[in-house]
Amino acid sequence: HAALPMAERGVEQAVAPARELLAEFETRAPAPDIRDQRARQLAGMRVHGLVLAPGEGFDFAARVLDQLGVPCSAGALDQLASTLHAAVLFAGLPILERAPQARPSYYIKLGLDAEVRPGGPNLRFQNDRSSPVALDVRIDAGRVRARVHGAASELRVTWIRDLRPSAPIPERSELDPTLPRGMRVLSQRGTPGFEVHVQRAIVDEARQRSVHEHIWHSYPATEQLWRIGMGNDPGPSFVRPRNDPRPEYVADAHLEMTQTAPGSFQVQRDAGRTGSYGWTARARMIARRE
């Protein structure tokens with residue numbers, strides 16, 4: 001079979017007659033603003049239906065970031081990159097380059113995320129199979145779904161994550177004369193730092209072979225910021241600013257996910273120290289700085 005070049009054809013046509021769904025992953029987050037949503041849709045179009053020939057690689061920066069042509073905020077495409085990274089990981093393809101995000105994301109498990117920036121962190125992976133694979137990306141507001149198609153596979157992929165807190169949350173207060181005296185508004189929810197150990201076990205049932213990968217990486221702590229009112233009593237038109245709506249960040253200390261079917265996982269978890277609400281207070285993980 002001749003090697004297929006990268007092409008933007010429909011997934012059904014691209015991998016015919018090998019239409020097996022190898023892996024699927026979906027994330028959900030609040031819908032971005034109109035500008036970022038437009039950028040995300042265009043980025044998805046650059047990936048959807050893309051075919052990788054045997055041995056061919058995918059470079060998110062070259063394929064998406066350098067070709068986007070529309071403005072967007074930093075991090076606007078991280079959900080797309082993270083979802084695609086997770087799907088490719090559970091398809092068993094080699095991850096050549098991936099960087100964790102600057103802070104934990106609420107839409108994907110810590111350790112499955114990916115950050116992409118022009119001239120900075122990138123996502124790269126490769127088709128190491130003897131037949132083509134095709135990528136299928138669907139985006140609808142805050143919902144992103146990524147699929148990997150190819151010839152039938154008997155790979156069993158297990159992703160394992162262990163984490164421990166490594167740095168307390170730096171907390172700081174700023175005086176704000178636009179708020180009534182004594183009012184406290186949480187303008188940014190902080191997160192502790194984490195050290196994360198990630199493993200991927202790929203078992204080839206047909207060939208009775210297995211691969212075990214290990215990666216260590218760190219997430220720095222993010223500052224928690226309060227605004228403290230120093231102004232006059234509120235007038236009749238005053239509207240209280242909303243606190244940062246994100247809750248305390250919790251994550252299981254130990255997590256195992258084995259793909260049993262595309263998009264379905266057998267999960268084993270141990271909440272440990274970090275997996276239940278209130279853990280940052282119990283562990284005294286807030287370092288106040290006035």
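Predicted model: local features only at pLDDT ≥ 70, side-chain atom pairs only at ≥ 80, totals over all residues.
Visitor: Where in the structure is Glu26 placed?

Guide: Glu26 belongs to strand 1, which covers residues 20-28. Leaving aside neighbours within four places in sequence, Glu26 is in contact with Thr83, Arg143, Val144 and Arg145.

Visitor: Why can side chains pair when their charges are opposite?

Guide: Such pairing can occur when the charged atoms come close. In this model, Arg28 and Glu26 form a salt bridge through their side chains, with an N to O distance of 3.0 Å. A polar contact of 3.1 Å also joins the side chain of Glu26 to that of Arg143. Glu26, Arg28 and Arg143 are linked in a network of salt bridges.

Visitor: Is Arg28 buried or exposed?

Guide: A residue counts as exposed when its relative accessible area is over 50%. Arg28 is exposed because its value is 58%, whereas Glu26, with 30%, is partly exposed.

Visitor: Which residue forms a salt bridge with Glu223?

Guide: The partner of Glu223 is Arg172, and their closest N and O atoms are 2.8 Å apart. Glu223 lies in the loop between strand 12 and strand 13, and Arg172 lies in strand 9, so the pair ties together parts that are 51 residues apart in sequence. Glu223 is buried, at 19% relative accessible area, while Arg172 is partly exposed, at 26%.

Visitor: How many salt bridges does the count come to?

Guide: The count comes to 17 salt bridges. One of them joins the side chains of Asp244 and Arg246 at 2.8 Å, N to O. Asp244 is buried, with 9% relative accessibility, and Arg246 is partly exposed, with 30%.

Notes:
Residues numbered from 1 in each chain as written. Heavy atoms only, no water. Helix = DSSP H or I, 4+ residues; strand = E, 2+ residues; numbered from the N terminus. Contact = heavy atoms within 4.5 Å. Polar contact = N/O pair within 3.5 Å; in protein donor to acceptor, adjacent residues only side chain to side chain. Salt bridge = Lys/Arg side-chain N within 4 Å of Asp/Glu carboxyl O. Buried < 20%, exposed > 50% of the residue type's maximum accessible area, 1.4 Å probe, protein only.
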